[in-house]
Amino acid sequence: MAVVKARTSDIDLLARLLRAEAEGEGTQGMLMVGNVGINRIRANCSDFAGLRTIPQMVYQPHAFEAVTHGYFYQRARETERRLARRTVQGERVCPAKYSLWYFRPPGDCPATWYDQPFVGRYKLHCFYEPTGEECENVYTTF
């Protein structure tokens with residue numbers, strides 16, 4: 001059962017985001033990007049209060065740099081569609097399991113990002129999850 005509603009067009013959109021944001025990180029890295037996106041929809045807190053759909057999450061202003069580049073607008077591939085479906089079905093992996101933020105710094109991961117604690121790194125991406133006080137929903141919606 002899906003943890004967020006997703007039409008075929010939503011799966012394609014999410015698949016394009018996974019590829020554009022983390023293709024170099026492989027399957028696991030793309031799943032983690034999907035986790036962060038689905039968490040943003042489900043958590044309804046912080047900068048993501050009010051997000052209810054995959055398009056709202058993907059196109060939220062300043063949320064994903066990839067949407068400003070042509071590579072994002074290429075057609076979705078079945079490989080990434082399968083990964084998108086897995087995240088929509090609720091598959092979650094650490095360190096992105098509860099994360100709402102990630103980014104790729106030029107060096108070491110900072111201890112915090114948007115005032116949220118660092119929880120782990122996967123290849124080149126650093127992941128940050130909110131505290132329970134900041135966003136309890138991210139820990140209780142699944």
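Which element gives the most to the lining of the largest pocket? I will come to that in a moment, after a word on the model itself. This is a predicted model, in which local features need pLDDT of at least 70 and side-chain atom pairs count only at pLDDT 80 or more, while totals for chains, interfaces and linings use all residues. Residues are numbered from 1 along each chain as its sequence is written, and side-chain values use heavy atoms, with hydrogens and water left out.

The element in question is β1, which contributes 3 residues to the lining of the largest pocket, the most of any. A pocket is an open set of points on a 1 Å grid over the protein atoms alone, where a 1.4 Å probe fits and where protein lies on both sides within 12 Å along at least five of seven lines; lining residues have an atom within 4 Å of a point. The largest pocket holds about 540 Å³ of space, a volume being the space filled by probe spheres set on the points, which are joined across faces, edges and corners. Its lining has 22 residues, and those nearest the centre are His-62, Ala-63, Phe-64, Glu-65 and Tyr-102. At least two lining residues come from each of α1 (8-22) and β1 (101-103). By class, the lining comprises 13 nonpolar, 4 polar and 5 charged residues, where Ala, Val, Leu, Ile, Met, Phe, Trp, Tyr, Cys and Pro count as nonpolar, Asp, Glu, Lys and Arg as charged, and the others, Gly among them, as polar.

Next, helix α4. Thr-27 itself is partly exposed, at 42% relative accessible area. Just after α4, Gly-90 has a positive phi of about 100°.

Now the aromatic rings. Rings of Phe, Tyr and Trp (its six-membered ring) pair if their centres lie within 6.5 Å, and planes under 30 degrees apart count as stacked, over 60 as edge-to-face and the rest as tilted. By this rule there are 12 aromatic pairs. In one of them, the rings of Tyr-98 and Tyr-139 have centres 4.8 Å apart and planes at 45°, so the pair is tilted. That pair links distant parts of the chain, since Tyr-98 sits in the loop between α4 and β1 and Tyr-139 in helix α5 (residues 137-140), 41 residues apart. Tyr-98 is partly exposed at 23%, and Tyr-139 is likewise partly exposed, at 30%. Another tilted pair is formed by Trp-113 and Tyr-128, with ring centres 6.5 Å apart and planes at 35°; here Trp-113 belongs to strand β2 (residues 112-113) and Tyr-128 to strand β4 (residues 125-128), 15 residues apart. Is Tyr-128 buried or exposed? Tyr-128 is buried, with a relative accessible area of 0%, whereas Trp-113 is partly exposed at 27%. Ring pairs link both into a cluster with Phe-48, Trp-101, Phe-103, Tyr-114 and Phe-118.

Last, the backbone. Most residues other than glycine have a negative phi, and most peptide bonds are trans. In this model, a cis peptide bond joins Cys-94 and Pro-95, with omega about 10°, and Pro-95 lies in the loop between α4 and β1. Asn-44, in the loop between α2 and α3, has a positive phi near 55° and is partly exposed at 30% relative accessibility. Asp-115, in the loop between β2 and β3 (116-122), has a positive phi of about 65°, and at 71% relative accessibility Asp-115 counts as exposed.

How values were computed. Helix = DSSP H or I, 4+ residues; strand = E, 2+ residues; numbered from the N terminus. Buried < 20%, exposed > 50% of the residue type's maximum accessible area, 1.4 Å probe, protein only.
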